[in-house]
Amino acid sequence: MRDGNTPPALRCAAAVTVLGIAAVFGFVTVYALPVLLSGQGLAVLSWRWLPAAGQFGILPMVCGSVLLACSALLLGWPLALCLCGWMHGLGPARPARGLRQLVHGMAAVPTVVYGFVSVFLLVPLVRQTGQGSGLCWLSAALVLALLVLPTMVVIMDAALREQGRSLRLAGAALGLSPAQVFAHVMLPGARRWLITAGVFGFGRAVGDTLIPLMLAGNAPGVPASPFDALRTLTAHMALVMSTDAGSTAYHSLFAAGILLLAVSAGVSLAVRRLRGSGQDALPDAEWRP
């Protein structure tokens, strides 16, 4: 639709959305100013969080967020692709339909349920390895991978279903097996959509609060192994805001908020670029989470 033909209501909605995003950025920036103007702006970008000593470094939490989100993505993305392969010809049709319904049902489970069940089932198993309390990077990564799995599967499934409608019969006519059609025809054609699923999964993982808060141990340091505790930016903000208000440590959280908003904006721009580049963009009615 050309700009000249855009309905006024749509223009108004777009303007309100832009103003709302700008207001959020402005609000977070204003509350971060006490730290930035006090000469401690660079101190926020350090590796030590010791409020009693006047050290408010959030880089360990930034590192924790990146490590946890990337590890959850490395675990969840291949699993999502395997599940989609099962649903698109690599497995029996009836179990595949049941699997699709199960994945869609997982998306409706509250995050706190994943965390609560994991505290009593997964954490004791990790603790039995003798490598710590069980509240660690590994436990949080496993559950977070399970949490972002439905988001990625839904996007991949919609993309591969769209590919299968036009390519499955053509592949069968050429004598290709369902596995060959999936691996050599459908996956290359849906490459951009698979990347989009990964970008969405990363954004979902880096923005989650409850799973790292409940399972990661929340030690403000860089983990040396998967069995060490870590703290993410989101969990850090929740912990500090629940016990403090008005101090320098409190205002330093808004610098962390700026980073999270920047990550969210980057994910949105990446998805928009992937969706808009080329003619094989995702169908609007299919891919939206």
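Predicted model: local features only at pLDDT ≥ 70, side-chain atom pairs only at ≥ 80, totals over all residues.

Biologist: What makes Arg100 and Asp157 a salt bridge?

Modeller: The cut-off is a side-chain nitrogen of Lys or Arg within 4 Å of a carboxyl oxygen of Asp or Glu. The closest N and O atoms of Arg100 and Asp157 are 3.0 Å apart, so the pair meets the definition. Arg100 lies in helix 4 and Asp157 in helix 6, 57 residues apart, and the pair thus links distant parts of the chain.

Biologist: Why is the term "network" used for Arg100, Asp157 and Arg161?

Modeller: Asp157 also forms a salt bridge with Arg161, with closest N and O atoms 2.8 Å apart. The three residues are therefore linked through salt bridges. Asp157 and Arg161 are 4 residues apart in helix 6, which means a separation of about one helical turn.

Biologist: How do you know whether Asp157 and Arg161 are buried or partly exposed?

Modeller: Buried means under 20% relative accessible area, and exposed means over 50%. Asp157 has 3%, so Asp157 is buried. Arg161 has 28%, which lies in between, so Arg161 is partly exposed.

Biologist: Which other salt bridge involves Asp208?

Modeller: Asp208 pairs with Arg204, the closest N and O atoms being 3.3 Å apart. Asp208 is buried, at 5%, while Arg204 is partly exposed, at 30%. The search of the whole structure finds 3 salt bridges.

Biologist: How do you know that the length of helix 4 agrees with expectation?

Modeller: At 1.5 Å a residue, its 14 residues should span 20 Å, and the end C-alpha atoms are 20 Å apart, so the two agree.

Biologist: What places the buried residues of helix 4 on the same side?

Modeller: The buried residues are Ala96, Leu99, Val103 and Met106. They cover an arc of only 80° around the axis, and therefore share a side of helix 4. On the other side, Ala93, Arg94 and Gln101 are exposed.

Biologist: What makes a set of residues a nonpolar core here?

Modeller: The members are buried nonpolar residues joined through side-chain atoms within 4.5 Å. The largest such core has 51 residues, and Met156 is one of those that touch the most other members. Helix 6 gives the largest share, 15 residues. A second, separate core of 13 residues includes Met61, Ala249, Ala256 and Leu260.

Biologist: Where is Leu260 found, and which residues does Leu260 touch?

Modeller: Leu260 is in helix 11. Beyond four places in sequence, Leu260 touches Val206, Leu233, Thr234 and Met237.

Note on methods. Residues numbered from 1 in each chain as written. Heavy atoms only, no water. Helix = DSSP H or I, 4+ residues; strand = E, 2+ residues; numbered from the N terminus. Contact = heavy atoms within 4.5 Å. Buried < 20%, exposed > 50% of the residue type's maximum accessible area, 1.4 Å probe, protein only. Expected span 1.5 Å × (residues − 1). Arc of directions from axis to C-beta.
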